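Thanks, everyone; I would like to walk you through one model this morning, going from the whole chain down to a few single residues. Please have the sequence and the coordinates open as I talk.

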Amino acid sequence: MTLLECMRLIKKFSLAVFCLLLFSCSGWTNLFDYESGDSVVIKKKSSEMNPPSELQQAERLWTILVYMCADNDLEAAAMEDLCEMEFSDLNTSAVTVLALIDRSPSYDTSYDNWYGSRLYKLQTGRAADSRKLISEEIECLDLGLEAGKETELDMSSSYVLSSSLSYARKKFPANNYGLIIWGHGTGWRGNEMEASVDVSGLFKGFSYDGSSGTYMTLYQTGEGLKNGLNGTKLDFLGFDTCYGAELEVLYELKNYAKLCSGSEGLISASGWNYKELFSYFEKSEKRPSDLCASVIYQFKKQYAYKTGASIVSLDLEKLQPFFDSCNQMWEACADKINRTAVRDEIMQLLYSSSSSVKRYTYGSAGSDVYLDLPSMMASLCSYFNEPEISRIYDAFETCKKNLIKDSWTSEWGQGGLGVYFSSLSDSSNLSVSHPLPYKKGACADQISFVKDCDAYVPLGNDGKSFLSKLFYTQF
């Protein structure tokens with residue numbers, strides 16, 4: 001070996017030893033590679049050179065929040081549904097399911113009989129003989145939730161809804177986001193601030209909390225979604241409740257979700273079957289449309305023999321044209337109601353026991369009555385049988401086909417969506433007046449449907465709207 005070669009070798013060895021001594025105490029030696037040649041190459045981790053975006057960091061396809069308001073007589077059903085989720089075949093490394101559940105101290109004693117509010121991160125693969133939930137209880141300091149600490153949340157608060165949505169998106173970033181509102185549902189209702197001026201005093205909506213004794217009104221639900229999503233949209237919104245698929249509900253929430261699934265009428269306390277739903281979803285490509293299809297699949301399988309069962313999946317981005325076509329249809333029909341005989345025949349057409357229009361109600365005094373929109377519009381078109389109304393109805397049908405992605409009913413053709421008609425004064429008779437929050441301009445903070453729907457909602461004794469003509473106009 002020549003003197004020059006020896007000097008080069010000593011130089012390379014000295015430089016390597018110097019770098020190791022310099023950086024080993026700082027724990028940085030794992031950042032270096034040594035390559036052939038005359039120099040040492042220092043290589044940083046790729047994540048330090050180019051920090052990954054939130055989307056690149058997200059390995060999960062979905063984050064789904066199940067907002068379970070079970071501080072009421074549905075407590076046992078909620079625990080059963082959590083078990084169904086754990087029994088499913090869902091791969092939770094690709095799909096994160098968070099269940100925020102608020103239990104009651106009064107109705108169910110299973111699973112250590114704890115009560116209050118907890119947040120679970122779903123784990124699947126539950127054994128049939130397991131006596132405990134296998135899902136992981138996690139903390140959410142935004143809501144004051146800590147594992148092992150009893151906390152009572154008011155699930156009827158829009159703040160709790162918005163905070164839990166914000167937390168889910170921040171803590172578990174994903175390609176798609178979903179929300180399932182679970183529990184009691186009554187469809188539309190006005191802001192609770194107007195309860196003192198409403199003759200019925202029945203201000204409800206979703207998310208009934210027994211400890212506080214309050215519901216989250218539809219207006220407040222919209223506020224919760226707006227604040228929790230911060231300008232983004234859910235890829236899926238589901239209502240495992242009664243009266244989720246009402247035009248008033250969908251119109252209020254249309255800007256906060258792309259696809260939506262729900263029922264226009266009553267569903268049983270057992271609600272959706274989550275073992276079937278998530279197992280079916282696991283076999284799919286896990287697109288938003290696949291989640292809708294999974295909801296339809298499990299509902300059809302569970303309620304095939306139940307009277308009046310109905311479920312629908314909708315493209316909320318097609319709701320505005322559908323709403324406009326409804327408005328045009330109601331306006332054209334209202335113009336034709338110009339004497340008492342016509343008004344009486346229309347009421348008979350829509351509400352008699354022999355009517356072909358589907359309707360949904362609890363059936364007791366004070367209960368709301370919802371009419372199925374597709375069968376309502378078909379009956380009105382058939383009754384008037386005029387070219388102009390037939391043309392408007394054809395446009396309505398086109399908009400309906402664009403809106404409804406999939407549906408199922410146990411008794412008739414296509415599942416649909418409903419609209420509020422009136423309330424019951426007793427078990428069979430309609431009230432002669434509508435709640436003030438449903439009368440245009442009667443209250444502050446009215447839902448968007450009431451603000452925007454001149455052709456349908458009551459406008460007063462001299463109003464020209466459809467409901468004004470049927471309930472308030474003297475001919």
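This is a predicted model: local features need pLDDT of at least 70, side-chain atom pairs count only at pLDDT 80 or more; totals for chains, interfaces and linings use all residues.

Accessible areas here come from the Shrake-Rupley method with a 1.4 Å probe, and for residues only the protein chains shown count as cover. On that basis the protein exposes about 21,300 Å², of which carbon and sulfur atoms supply 50%. Residues are numbered from 1 along each chain as its sequence is written, and side-chain values use heavy atoms, with hydrogens and water left out.

Of the 475 residues in the protein, 53% are buried, where buried means under 20% relative accessible area, exposed over 50%, and partly exposed in between, with a 1.4 Å probe and protein chains only. There are 15 helices and 14 strands, taken as DSSP runs numbered from the N terminus (H or I, at least four residues, for helices; E, at least two, for strands).

Which residues touch the most other members of the largest nonpolar core? In that core of 139 residues they are Trp330, Met376, Phe449, Tyr456 and Phe466, and the largest share, nine residues, comes from helix H10, residues 319-336. By nonpolar core I mean a set of buried Ala, Val, Leu, Ile, Met, Phe, Trp, Tyr and Cys residues joined through side-chain atoms within 4.5 Å. Leaving aside neighbours within four places in sequence, Phe466 is in contact (heavy atoms within 4.5 Å) with residues including Trp330, Ile346, Leu350 and Met376.

Finally, the backbone: most residues other than glycine have a negative phi. Tyrosine 243, in the loop between strand S8 (234-240) and helix H7 (247-253), has a positive phi near 55 degrees and is buried at a relative accessible area of 1%. Lysine 286, in the loop between helices H8 (274-282) and H9 (288-302), has a positive phi of about 65 degrees and counts as buried at 11% relative accessibility.
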